[in-house]
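Please walk me through this structure, which I am meeting here for the opening time. I would like an explanation in connected paragraphs.

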Amino acid sequence: MLLVTCPHCGARPEIEFRYGGEAHIARPADPSALDDRQWAEFLYFRSNPKGVYAERWNHAHGCGRWFNALRDTASDAFLATYPAGQQRPDLGGGR
Amino acid sequence: MAQPCRLPAGGRIDRAKPLRLRFNGRDIEAYAGDSVAAALLANGVRLVGRSFKYHRPRGILSHGSDEPNALLQVDRGPGRIDPNNRATVVEAADGIAVSSQNHWPSLEHDLGAVNDLLSPVLPAGFYYKTFMWPQSFWQRVYEPKIRAAAGLGVAPHEADADRYVHRHAHCAVLVVGGGPAGLAAALAASDDGARVILADEQPEFGGTLLHDLHATIDGAPAGDWRAQALATLAARANVTLLPRTTAFGYYNHNHIALVERVGDHRARQDDRRPRERLWQVRARQVVLATGAHERPLVFADNDRPGIMLAESVRVFINRYAVAPGRRIVFATSGASAYAAAADAKAAGLDVTLVDIRAEAECGPGPAMLRARGIDVLPAHTIVGSTGRKAVTGLIVAPVDANGIVGPRRTLACDGVGMSGGWTPAVHLFSQSRGKLRYDDAIDAFVPGTPAQAERSAGAARGIYDLAACLADGWAAGGGAARDFAATPSPTGFRPVRALPTDADAKRVKAFVDFQNDVTAKDIALAVREGFESVEHVKRYTTTGMATDQGKTSNMAALGLVAEILDRPVPQVGTTTFRPPYTPVTFGTIVGSARGALFDPIRVAPLHDWAAAHGARFENVGLWRRAWHFPRPGEDMHAAVRRECRAVRESVGIFDASTLGKIEVVGRDAAEFLHRIYINAWLKLEPGRCRYGVMLKEDGFIFDDGVVARMAPDRFHVTTTTGGAARVLAHMEDYLQTEWPDLEVFLTSVSEQWAVIALQGPRARDVLAPLVEGIDLAAASFPHMAVRTGTICGVPTRLFRVSFTGELGYEINVPADYARAVWEALWARGQEFGITPYGTEAMHVLRAERGFIIVGQETDGTVTPDDVGLGGMIARAKADFVGKRSLARPDMLKPDRKQLVGLLADAPDLVLEEGAQIVADPHQPIPMTMLGHVTSSYWSDACGRAIALALVSGGRARMGQTLHVTTPTGFAPARVAAPVFFDPKGERVHG
Amino acid sequence: MAEQAARRTPILAPSAARPEAAISIAPMVPAARFALRLPEAAAKAIGSAAGFRLDMAINRSAAARDGRLAARLGPDEWLLHGPETASEAIARDVEAALAGRHFALVDIGHRNVAIAVAGAHARAVINGGCPLDLDDDAFPPGSATRTLLGKAEIVLLRPDEAPVFRIECWRSFAPYVLGLLEEVGREFAGA
């Protein structure tokens with residue numbers, strides 16, 4: 001069970017959280033302006049890397065807030081967590 | 001004579017506390033402190049089981065959790081039968097009955113032993129090769145037969161009578177293993193008050209110190225040092241000592257699972273105490289001081305009862321005061337067996353030691369033993385053993401530097417202690433995703449770079465000298481560097497794989513994996529057949545795949561593969577270790593989550609009233625809802641008909657409290673709902689309600705419900721019962737992450753408000769006398785309106801809504817008042833024949849009116865238009881969740897499945913929900929499926945059965961006859977509009 | 001006309017806590033409760049409302065006069081607590097104090113049920129289902145947070161120095177929460 005650091009509550013066990021998939025995929029301001037392919041890209045296509053992944057977590061059984069995390073999908077190490085709406089942190093050293 | 005093999009003195013057993021247990025129906029005497037294995041050996045029992053595949057007689061190999069042979073069924077009374085227990089781990093307790101497994105008709109005479117004679121035709125991969133065809137035979141014939149012939153224990157048939165609990169814990173340092181390294185680590189880690197948990201799988205802490213009688217630490221006997229260390233730790237409030245506790249899983253972020261055996265060692269299981277406790281520990285730092293496992297030697301017939309590991313012989317003698325034999329031959333490739341031989345001699349046993357190594361390689365050991373009168377034969381190999389159900393002799397032969405084997409001789413004996421060196425117990429380290437590193441000097445994989453906040457210490461990382469172990473443990477526990485003075489330990493061994501032999505290797509059985517009956521020959525065959533990866537060899541031969549996970553066999557198997565391929569061991573690699581380290585009971589994993597605590601059983605405020613009035617209940621998610629209220633002599637069908645009639649003709653009362661409810665508050669509340677639902681909300685007036693449908697972004701129906709505007713900035717949203725949590729989560733997600741600029745707050749009030757649905761032409765008559773502050777007249781309080789006031793003197797949000805098609809109210813009251821309000825309505829309604837109805841009648845009543853139920857008419861692939869609600873979509877809205885998806889070409893196809901009514905030609909035929917629908921029942925198989933029945937009931941109001949269905953292009957098929965599958969064939973049914981009663985919807989305005 | 005106000009029927013019968021026992025698991029009497037939502041910045045600016053302190057750290061609670069308490073469960077969420085009879089006064093006072101601001105005050109007095117867990121083994125019993133660290137250093141007096149107990153969501157409070165924990169859950173989960181606590185607590189009952 002992962003230990004997830006909520007930006008508001010600190011380190012908490014994974015079972016308090018709900019996972020929300022890839023982060024930084026904003027809902028288009030005007031979906032009707034997108035063609036079917038673009039809409040499908042928004043709805044379904046995710047990067048799914050081996051390595052650092054920016055993803056959404058919700059502290060559902062805690063403060064209830066959505067936030068973002070940088071997690072290494074190979075090691076499950078969390079490199080950063082940050083409130084929703086903030087920029088992805090630059091961890092330096094390239095990717 | 002009782003306990004013929006018990007030594008007259010010594011050991012850690014309590015001779016003042018005799019015990020009696022049973023083994024295969026025979027009484028066994030033992031003492032408190034014995035393991036079952038020790039008790040059996042004390043009573044001269046050697047043969048304890050039959051091997052997995054060949055049914056060869058087997059005895060006790062080890063003294064700990066690595067035991068591959070001695071698997072016993074343990075019977076502690078009704079509901080307390082547990083198979084596959086290692087005799088070396090189970091503590092002797094008064095009154096328990098243990099029995100051997102995997103034999104028929106008896107342990108002594110096992111017909112399965114014919115497999116041993118057939119072994120030339122039972123090579124590695126035999127099952128794969130033989131039972132391939134026909135495929136269907138695998139499940140039905142081959143596997144059951146193989147299971148029966150080569151099984152483990154028998155699963156118990158009764159429910160487990162024991163209790164199990166869970167415990168979460170946190171600490172600064174978790175130390176796994178309470179031997180010298182672990183004790184030192186715990187002492188160092190807890191010195192400054194930090195929280196430390198020390199766990200050990202044994203009943204007593206101390207590890208090797210429990211049986212090392214001669215070592216000294218810092219000038220004192222090692223036993224005294226151990227006692228002092230434990231006293232120090234026990235006195236520290238920040239230390240938790242967990243004996244009988246096995247760490248079996250090392251998961252992410254230093255999350256460790258351990259099982260504590262709380263009850264089994266007690267003679268009587270009391271009702272208060274759990275049998276086992278699952279600990280889930282989150283540790284800032286983990287110290288793995290898990291020790292090492294001794295390796296057996298691989299030679300012909302190395303599995304006869306009486307042949308055990310050398311250190312285990314020492315443990316039985318020193319710790320349990322049991323002589324595993326009177327004439328013991330030690331066979332070794334390393335130094336540690338010399339200490340065992342010396343201790344055996346000191347216990348008065350006849351001892352000989354055979355060492356594969358040349359005299360010059362053996363160090364001071366031979367001289368030390370000879371000085372004690374022990375015969376030592378260096379430069380000898382073992383080529384076999386004699387005996388059947390117990391060893392009677394060890395066949396040895398000189399071997400020179402070139403591996404040339406000289407003449408054989410048989411050393412008569414009744415016990416053998418063998419040692420092929422040591423393997424660090426790196427299982428937990430490997431589970432933690434740490435990378436293993438091969439250390440050539442000790443022929444073993446040891447922990448390399450940790451992947452988590454972990455340190456391995458002592459023998460777990462290949463440090464075998466006592467003083468070094470203590471210093472290593474101390475450092476791992478965070479102590480400043482310090483030295484310990486201790487008696488030097490005899491360490492070092494020559495790695496050997498299969499021992500040199502003069503026999504034809506193809507004709508002998510030299511076991512590598514005792515539990516799965518894998519021999520050196522099998523490993524060689526696997527490599528010869530092209531399996532070079534150790535992972536493949538493992539799966540092909542099953543070596544290391546038994547419940548012992550190959551604790552004693554892994555290195556021998558690896559070494560053999562490397563030797564045959566002539567590659568260095570690290571190139572062959574090692575297999576991955578996975579949890580659990582040792583078998584764990586299902587009870588421990590399940591914990592309290594059984595029976596009434598398996599899942600929360602959610603009951604609404606009127607549950608008890610319903611139960612008292614004869615309700616039968618159904619599960620809806622976690623909720624238990626009143627299904628119907630049969631009167632004496634009524635079946636469900638009759639009860640539902642009566643309940644429906646009451647609603648249509650007079651008045652019914654229904655507990656709708658499980659509906660999800662969300663209070664949406666804020667200046668932008670209407671705008672928020674406008675974006676979430678498909679329909680329009682901005683112009684809904686306070687005091688009015690509207691039915692809403694929401695989609696997920698994929699365009700499919702997600703949930704529905706009535707929404708009331710209580711005030712310009714306050715809405716009372718209702719959701720389906722099952723959708724309550726997910727709808728709130730969905731709304732919060734959009735609010736927080738897509739539209740954080742909206743001034744809206746959401747609060748769940750599902751359980752604040754109980755909901756009493758009062759439905760039927762007389763609903764107003766029942767309600768009116770109890771309500772204050774609300775004008776119930778139809779003109780001032782029309783259908784789809786909401787009012788606040790009081791009922792029975794308590795606040796209410798009174799909805800005039802109907803899911804039945806009748807005049808109806810949904811009376812929201814704070815939950816604790818629901819019982820009193822319901823009873824008042826019940827009393828007032830008696831003159832109208834008020835009738836409680838359940839969820840089944842509710843389903844029928846709404847189906848008669850063609851109202852959908854999300855999850856019944858919809859399944860996550862259904863759009864609003866599919867169920868005839870396309871007209872609800874506010875076309876003028878630029879956007880709402882899911883709108884864009886509705887414009888996809890697939891969403892607009894005319895052959896989409898659409899909601900229709902279905903009327904079977906036979907009016908009394910209630911079609912099956914889920915039944916498939918075809919146009920022509922005579923078409924060839926596979927037929928073209930047009931859709932399926934979603935709801936189907938007998939309708940008293942219609943005088944016939946009715947059904948709703950999703951049918952491809954359904955609305956264009958009105959009047960067509962289609963065919964619906966039934967248990968016996970097909971039934972013709974006509975497509976009709978999905979409204980069967982009061983098609984204009986006039987009754988709600990009554 | 002209604003003759004008299006309807007009576008409450010709580011889902012768990014309240015009982016008296018026995019903090020001196022090895023373990024005491026006691027449903028509490030009904031109380032006034034509100035969910036207060038207010039933007040983080042507003043809470044910081046006003047500090048308190050109607051006597052309820054609002055600017056404490058997240059997952060901390062603060063006692064107020066007359067047996068009232070505010071627990072901050074998130075950046076913009078508070079659980080307001082008081083005696084049952086104070087419900088209307090709390091609603092009125094908070095509404096007045098926050099008038100003109102963006103906020104939501106929602107009555108949840110019947111939604112939640114509280115169980116007091118006390119005694120020497122209180123932590124061990126709660127940790128039978130709750131994954132949080134309840135040590136004094138990690139969960140000091142004044143702590144309050146939403147979390148889990150087994151398969152139920154709870155709010156766990158330790159209002160003050162007394163070794164008494166208060167578990168709040170939704171009404172329908174209360175029999176499960178009480179049942180799980182009692183099952184785990186059996187080991188210590190009478191010990």
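Is Arg370(B) buried, partly exposed or exposed? In this predicted model, Arg370(B) has a relative accessibility of 36% and therefore counts as partly exposed, since the class of partly exposed residues lies between the limits of under 20% for buried and over 50% for exposed. The side chain of Arg370(B) meets that of Glu359(B) in a salt bridge, with 2.9 Å from N to O. This pair links distant parts of the chain, for Glu359(B) is in the loop between E19 and helix H9 (365–371) of chain B, while Arg370(B) is in helix H9 of chain B, eleven residues apart.

Another salt bridge, of 3.6 Å from N to O, joins the side chains of Glu29(B) and Arg20(B); Glu29(B) counts as partly exposed at 29% relative accessibility, and Arg20(B) counts as partly exposed at 42%. Salt bridges can also be linked with one another, as in the network made by Arg56(B), Arg58(B), Asp301(B), Asp303(B), Arg304(B) and Asp517(B).

The largest nonpolar core has 54 residues, of which Phe23(B), Val36(B), Leu40(B), Ile96(B), Phe316(B), Phe330(B) and Leu369(B) touch the most other members. The elements of chain B that give two or more residues to this core include strand E1 (14–23), strand E2 (26–32), helix H1 (36–42), helix H7 (310–318) and helix H8 (336–346), and H1(B) gives the most, with seven residues. The surroundings of Val36(B) can be followed in detail: leaving aside residues up to four places away in sequence, Val36(B) touches Leu21(B), Leu72(B), Ala87(B), Val90(B), Glu91(B), Ala92(B), Ile96(B) and Val98(B). Apart from this core lies another, of 36 residues, among them Ile756(B), Leu767(B), Ala785(B) and Ala818(B).

Helix H8(B) deserves a look of its own. H8(B) is mostly covered, with nine of its eleven residues buried, and the buried residues include Tyr338(B), Asp343(B) and Ala344(B). After H8(B) comes Gly348(B), whose phi is positive, near 95 degrees.

Where does chain B show nonpolar side chains at its surface? Val114(B), Leu117(B) and Leu118(B) make a nonpolar surface patch of about 300 Å². Leu118(B) lies in the loop between helix H2 (114–117) and helix H3 (126–130) of chain B, and because its relative accessibility is 42%, Leu118(B) counts as partly exposed.

Aromatic rings give another way through the structure, which holds 22 aromatic pairs over all chains. In one of these pairs, Phe139(C) and Phe165(C) are stacked, at 6.3 Å centre to centre and with 25 degrees between the planes. Phe139(C) lies in the loop between helix H3 (122–126) and strand E10 (143–149) of chain C, whereas Phe165(C) lies in strand E12 (residues 164–170) of chain C, so the pair ties together parts that are 26 residues apart in sequence. Phe139(C) counts as buried at 6% relative accessibility, and Phe165(C) is buried with a relative accessible area of 1%. In chain A, one aromatic cluster is formed by Phe17(A), Tyr19(A), Trp57(A), Phe67(A) and Phe78(A).

A last stop in chain C is Ala42(C), which has its place in helix H1 (residues 40–46) of chain C and is buried, with a relative accessible area of 12%. Ala42(C) and Asp55(C) are 13 residues apart in sequence, and from C-alpha to C-alpha they are 9.3 Å apart in space.

Conventions:
Residues numbered from 1 in each chain as written. Chains lettered and ligands numbered in written order. Predicted model: local features only at pLDDT ≥ 70, side-chain atom pairs only at ≥ 80, totals over all residues. Heavy atoms only, no water. Core = buried A, V, L, I, M, F, W, Y, C linked by side-chain atoms within 4.5 Å. Buried < 20%, exposed > 50% of the residue type's maximum accessible area, 1.4 Å probe, protein only. Helix = DSSP H or I, 4+ residues; strand = E, 2+ residues; numbered from the N terminus. Contact = heavy atoms within 4.5 Å. Patch = residues over 30% accessible without salt bridge, like charges linked within 9 Å, V, L, I, M, F, W, Y side chains within 5 Å. Areas by Shrake-Rupley, 256 points an atom, 1.4 Å probe, with all protein chains shown as cover. Salt bridge = Lys/Arg side-chain N within 4 Å of Asp/Glu carboxyl O. Phe/Tyr/Trp six-rings, centres within 6.5 Å; stacked < 30°, edge-to-face > 60°.
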